[in-house]
Amino acid sequence: MSSDPTAAPAPASADESPRDPSIEPDTKDWTWVLERPCPDCGFDAGQVSRDGVGDRLLANASAWRGVLEDPDAAVRPAPHIWSPVEYACHVRDVHRVFGERLRMMLAVDYPLFENWDQDVAAVEGAYGDQRAASVADDLVSAAEAVAATYVSVEGPQWDRQGRRSNGSEFTIETIARYHLHDIEHHLHDVS
Ligand SMILES: [Zn+2]
């Protein structure tokens with residue numbers, strides 16, 4: 001299933017937000033990927049260098065373009081698993097959400113991030129109805145934009161902090177690794 005890149009684990013309260021009943025909401029907290037390698041995709045945050053983040057984001061975006069050229073990219077492999085197109089919409093939006101968080105961390109001291117519910121975003125954004133070619137273009141554009149922001153980060157800026165509403169704290173360096181894991185994990189999901 002999809003990983004939760006940004007939000008606190010979803011509260012159990014019944015809200016009015018639209019959800020896809022066939023997709024199990026991702027309520028896991030994935031911050032452990034900063035501490036140990038991911039057994040699913042093999043990502044090892046300890047091996048990620050600051051200066052390599054931009055290039056890895058761009059390489060990942062390029063790989064997604066290839067995935068989205070598959071004529072079956074819009075087909076779910078099982079009813080409860082996103083299609084590659086749906087995953088790619090999520091990755092595109094992850095780049096946008098992390099780009100916004102990154103800009104906040106650079107501009108403001110210790111910002112509090114807005115919650116982002118990826119499962120609501122999937123329904124409201126009609127991920128399943130999107131055209132693969134358009135998604136590929138938008139995913140690459142979003143990756144290029146956020147990669148450029150990471151490349152612009154210098155020296156002590158890597159230690160600037162931000163936080164989620166559940167109390168998880170990030171520096172720009174750790175959010176870069178967390179972000180990179182999310183998109184690489186999803187590429188692994190569809191490969
Ligand atoms: Zn992983």
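Me: In which loop is Ala 126 found?

Reply: In this predicted model, Ala 126 is found in the loop between H3 and H4.

Me: Why is Ala 126 called exposed?

Reply: Ala 126 has 10 other C-beta atoms within 10 Å. A residue is exposed if the count is 12 or fewer, so Ala 126 is exposed.

Me: What makes the phi of Ala 126 worth noting?

Reply: Its phi is near 45°, a positive value in a residue other than glycine. Most residues other than glycine have a negative phi.

Me: Where does Tyr 110 lie, and what is its phi?

Reply: Tyr 110 lies in the loop between H2 and H3. Its phi is near 55°, again positive in a residue other than glycine.

Me: How do you know whether Tyr 110 is buried or exposed?

Reply: There are 11 other C-beta atoms within 10 Å of Tyr 110. With the limit for exposed residues at 12 or fewer, Tyr 110 is therefore exposed.

Me: Why is Asn 115 called partly exposed?

Reply: Asn 115 is found in the loop between helix H2 (84-107) and helix H3 (118-124), and it has 14 C-beta neighbours inside 10 Å. Buried requires 20 or more and exposed 12 or fewer, so Asn 115 counts as partly exposed. Its C-alpha is 9.9 Å from that of Val 97, which is 18 residues away in sequence.

Me: What makes H2 largely enclosed by the rest of the structure?

Reply: Of the 24 residues of H2, 17 are buried, and the helix is therefore described as largely enclosed.

Me: How do you know that the span of H2 agrees with its number of residues?

Reply: At 1.5 Å a residue, the 24 residues of H2 should span 34 Å. The end C-alpha atoms of H2 are 34 Å apart, so the two values agree.

Me: How far does helix H5 reach, and how many of its residues are buried?

Reply: Helix H5 (residues 172-190) reaches 28 Å from its first C-alpha to its last, close to the expected 27 Å. H5 is mostly covered, with 15 of its 19 residues buried.

Me: Why are H1 and H4 called roughly antiparallel?

Reply: The axes of helix H1 (residues 53-68) and helix H4 (residues 132-152) come within 8 Å and cross at roughly 175°. Angles over 145 degrees count as roughly antiparallel, and H1 and H4 are therefore roughly antiparallel to each other.

Me: Which classes of residue make up the contact of H1 with H4?

Reply: By class, this contact has 16 nonpolar, two polar and two charged residues. The residues of H1 that take part include Leu 57, Trp 64 and Arg 65, and those of H4 include Leu 139, Glu 144 and Tyr 150.

Me: What makes Thr 171 partly exposed?

Reply: Thr 171, in strand E2 (residues 169-171), has 15 C-beta neighbours inside 10 Å. Since buried means 20 or more and exposed 12 or fewer, Thr 171 counts as partly exposed. Leaving aside its neighbours within four places in sequence, Thr 171 is in contact with Trp 158, Asp 159, Arg 160 and Gln 161.

How values were computed: Residues are numbered from 1 along each chain as its sequence is written. This is a predicted model: local features need pLDDT of at least 70, side-chain atom pairs count only at pLDDT 80 or more; totals for chains, interfaces and linings use all residues. Helices (H or I, at least four residues) and strands (E, at least two) are DSSP runs, numbered from the N terminus. Axes are lines fitted to C-alpha atoms, for helices over the stretch in contact, and angles run from 0 to 180 degrees between N-to-C directions. Angles under 35 degrees count as roughly parallel, over 145 as roughly antiparallel, 65 to 115 as roughly perpendicular and the rest as oblique. Two residues are in contact if their C-beta atoms, placed from the backbone, lie within 7 Å. Ala, Val, Leu, Ile, Met, Phe, Trp, Tyr, Cys and Pro count as nonpolar, Asp, Glu, Lys and Arg as charged, and the others, Gly among them, as polar. The expected span of a helix is 1.5 Å times one less than its number of residues.
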